[in-house]
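Please take a careful look at the model shown below, and keep it at hand while reading the paragraphs that follow.

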Amino acid sequence: MSNILDVRDLNVFYGQSHALQGVNLSLGSGVLSVVGRNGMGKTTLCKAIMGLVPVRSGTISFGGQSLVGLGPAEIARLGIGYVPQGRRLWKSLTVDEHLKLVTTKGGDWSPERIYSVFPRLAERKSNGGAQLSGGEQQMLAIGRALLLNPKLLVMDEPTEGLAPVIVNQVSEMLVQLGREGDIDVLVIEQNIGVATSVAQDVAIIVNGKVNRVMDAGLLAADRDLQQALLGVGRHAHDETPETAANTPAPSEPIVDAATKIYLSNPRVPTRWSPPVPVHVIAQSARTVTAVKSPGAAVTVPRVADTGRNGVIYVCGTLDTKGDELRFMRDIIKGQGLRVALVDLSTSGKPSGADVPPTAVAGFHPRGSVGVFTDDRGSAMAGMAIAFERWVRQQRDIAGLVGAGGSGGTALVSPGFCAVPVGVPKVILSTVASGNTEQYVGASDITMLHSVADVQGINSITREVLGNAANAVAGMVRGRKSAHTSEDKPAIGLTMFGVTTPCVQQVTAALEADYDCLVFHATGTGGRAMESLLSSGMLEAVLDLTTTEVCDLIAGGVFAAQDTRFDAMITDGRPYIGACGALDMVNFNAPETVPAQYQSRLFYEHNPQITLMRTTPEENAQMGRFIGEKLNQMNGVVRFFLPEGGLSALDTPGQPFWDPAANKALFDALEDTVRPTANRQLVRVAHNINDPEFAELMVKTFRSLHTRPAQRRA
């Protein structure tokens with residue numbers, strides 16, 4: 001697959017001035033930031049791509065097609081949108097006229113979606129271009145470019161001169177565009193904080209040449225490089241407390257994740273200026289804002305990373321639950337905590353919420369048109385999607401609380417599930433006394449039964465609403481005061497009752513160096529482990545009990561989803577797994593076993609759980625399923641086949657001992673898995689619970705993972 005943009009040996013002159021000197025730059029997909037001092041050729045690069053300046057030599061390719069020699073209109077028709085520096089709006093045209101002028105039919109972007117992304121433009125749609133603030137003009141310029149439904153968006157200084165709140169909004173939009181993958185973005189940006197937060201890689205232009213392309217996190221952390229190449233400083237008035245200068249220096253550097261970094265030069269340079277001495281740049285950049293310790297990478301925080309000092313969001317439909325949600329809001333506010341209302345109504349009624357429905361609906365893949373439909377069911381489904389995407393973009397979530405019936409619970413729960421484990425999330429619901437798996441999933445949502453319907457403030461709802469508000473407030477306070485000492489790296493292990501001896505032995509051998517989190521392999525347990533791995537909260541997994549696949553194949557009650565193992569496929573780190581408890585399918589009490597299985601071999605694990613021995617045919621099917629998943633893993637894979645038995649019940653003299661069934665499993669795995677130096681199946685002549693098997697698991701784990709450094713007491 002070719003790059004969306006390729007620039008090779010590009011030379012551009014202004015008269016005798018050599019502006020771009022053999023520029024080489026590629027954008028495969030996503031967002032690429034370009035930074036550099038003033039006068040280094042960044043805007044000229046944009047103009048060359050758009051055909052606004054002549055190219056002396058070199059090539060510019062867009063999706064494999066040459067752009068050199070084409071006019072700006074032809075380039076735009078090919079699918080490149082342009083947001084120029086200075087906005088370039090018509091003073092006499094209204095906002096709405098600007099957007100309608102460039103609207104194309106059949107594309108994903110429409111004026112309605114632009115208004116949902118930038119609600120301020122909807123309020124100013126009848127105002128002329130000259131009547132807009134700088135931030136509003138920039139929103140309009142971006143919206144105008146998006147309405148062309150481009151494949152590539154070229155943005156020249158999109159946050160220049162904007163208020164911090166608008167800078168944040170533009171940054172989040174760029175991150176969202178990069179994540180969705182429908183539009184790739186080349187962004188020229190002088191705000192290093194923005195440039196390094198919206199892209200994985202940053203290109204640095206010096207004197208008309210690309211000096212280097214480097215990881216955004218490394219650039220954000222390397223102040224010496226910023227000062228040497230860019231002349232970067234943090235201004236003391238940017239979110240620095242007035243008392244900072246008088247505060248004793250802490251033992252560890254303090255970093256404010258929200259601090260913005262700007263370009264700053266002792267004198268405004270041009271492409272003809274001699275290099276500014278580093279010591280002069282360093283002196284001009286001196287501020288009172290503390291910086292990160294050398295070598296520590298600065299990354300875009302995951303949702304709720306700063307939540308301990310953030311906001312508790314009270315979420316629901318204000319058009320039907322307004323009194324109840326405000327009641328909870330006021331209780332939380334009365335405890336001195338930051339709180340905000342998020343309105344998820346789809347009725348279109350006016351909202352006085354801190355976050356109105358239009359602001360949330362704009363996060364739907366199709367914009368607000370995907371939410372505000374004529375059908376209540378599709379509108380609610382659309383708002384649930386938009387709310388989940390909105391939640392994922394927030395950086396200040398201290399806690400979440402909602403209240404409602406089945407519809408309201410289904411509306412907020414996907415968003416609540418998107419928040420990392422540990423961040424308080426409470427739902428007061430009429431359905432909390434029934435089966436809640438569809439709402440809670442693998443998350444740590446706390447659900448409270450409302451007893452009465454959540455309708456009005458009465459003697460019952462006053463108590464339960466108060467309990468929900470006080471619960472989330474107490475959780476948030478508890479997290480604030482919790483001891484935050486350095487923890488050992490966490491690893492996940494899957495276990496079932498019949499593989500407990502194995503997991504206990506492995507845990508005992510590793511717990512001095514690792515925080516061993518054991519997940520009960522009941523369907524949700526495997527999903528929870530994979531969710532934590534995907535969120536970065538686990539360093540590694542020892543997936544010793546893969547029994548959930550049995551229930552997936554045979555229809556048991558502890559079934560995995562067909563996405564089992566996908567987190568490890570995506571993660572790419574070493575994976576250690578085993579055939580733990582692949583000899584049994586789980587059902588509830590004996591009378592619940594399906595009729596087609598009545599002649600099978602059963603074992604009553606307890607009065608509520610009945611185990612059924614798997615057959616060779618089922619084992620072969622499981623082997624193929626697991627083997628195909630292992631083939632998709634690009635990291636080191638070690639998957640163990642315990643020939644002495646898969647569980648405590650699968651050993652000589654025990655009811656599930658069946659070498660023929662196990663052979664069918666092992667043969668299917670070996671027939672399916674494509675072995676490489678990294679991907680290996682390992683037969684072991686022991687039962688999974690034997691000490692020798694556990695020792696092998698520990699030895700293998702140690703060989704693939706560096707032992708954590710010992711911390712001083």
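In this predicted model, helix H22 (616-631) passes helix H23 (659-672) in a right-handed crossing, a crossing being right-handed if the near helix is turned clockwise from the far one by less than a right angle, and left-handed if anticlockwise. Helices (H or I, at least four residues) and strands (E, at least two) are DSSP runs, numbered from the N terminus. The axes of H22 and H23 come within 7 Å and cross at roughly 30°, where axes are lines fitted to C-alpha atoms, for helices over the stretch in contact, and angles run from 0 to 180 degrees between N-to-C directions. That angle makes H22 roughly parallel to H23, since angles under 35 degrees count as roughly parallel.

Among the residues of H22 that meet H23 are Met622, Ile626 and Asn631, while H23 contributes residues including Ala661, Leu665 and Thr672; contact means heavy atoms within 4.5 Å. The residues of this contact divide into ten nonpolar, six polar and two charged, with Ala, Val, Leu, Ile, Met, Phe, Trp, Tyr, Cys and Pro counted as nonpolar, Asp, Glu, Lys and Arg as charged, and the others, Gly among them, as polar.

A nonpolar core is a set of buried Ala, Val, Leu, Ile, Met, Phe, Trp, Tyr and Cys residues joined through side-chain atoms within 4.5 Å, and buried means under 20% relative accessible area, exposed over 50%, and partly exposed in between (1.4 Å probe, protein chains only). Of the 36 residues in this core, Met568, Tyr575, Cys579, Leu582 and Ile626 touch the most other members. Leaving aside neighbours within four places in sequence, Tyr575 is in contact with residues including Val541, Phe565, Met568 and Phe639. A second, separate core of 35 residues includes Leu89, Leu140, Val167 and Met173.

In the loop between E21 and E22 lies Ala581, whose phi is near 60°, a positive value in a residue other than glycine; Ala581 is buried, with a relative accessible area of 0%. Asn207, in the loop between strand E9 (201-206) and strand E10 (209-215), has a phi near 50°, but is partly exposed, with a relative accessible area of 32%.

Residues are numbered from 1 along each chain as its sequence is written, and side-chain values use heavy atoms, with hydrogens and water left out. Local features need pLDDT of at least 70 and side-chain atom pairs count only at pLDDT 80 or more, whereas totals for chains, interfaces and linings use all residues.

Terms used:
Angles under 35 degrees count as roughly parallel, over 145 as roughly antiparallel, 65 to 115 as roughly perpendicular and the rest as oblique.
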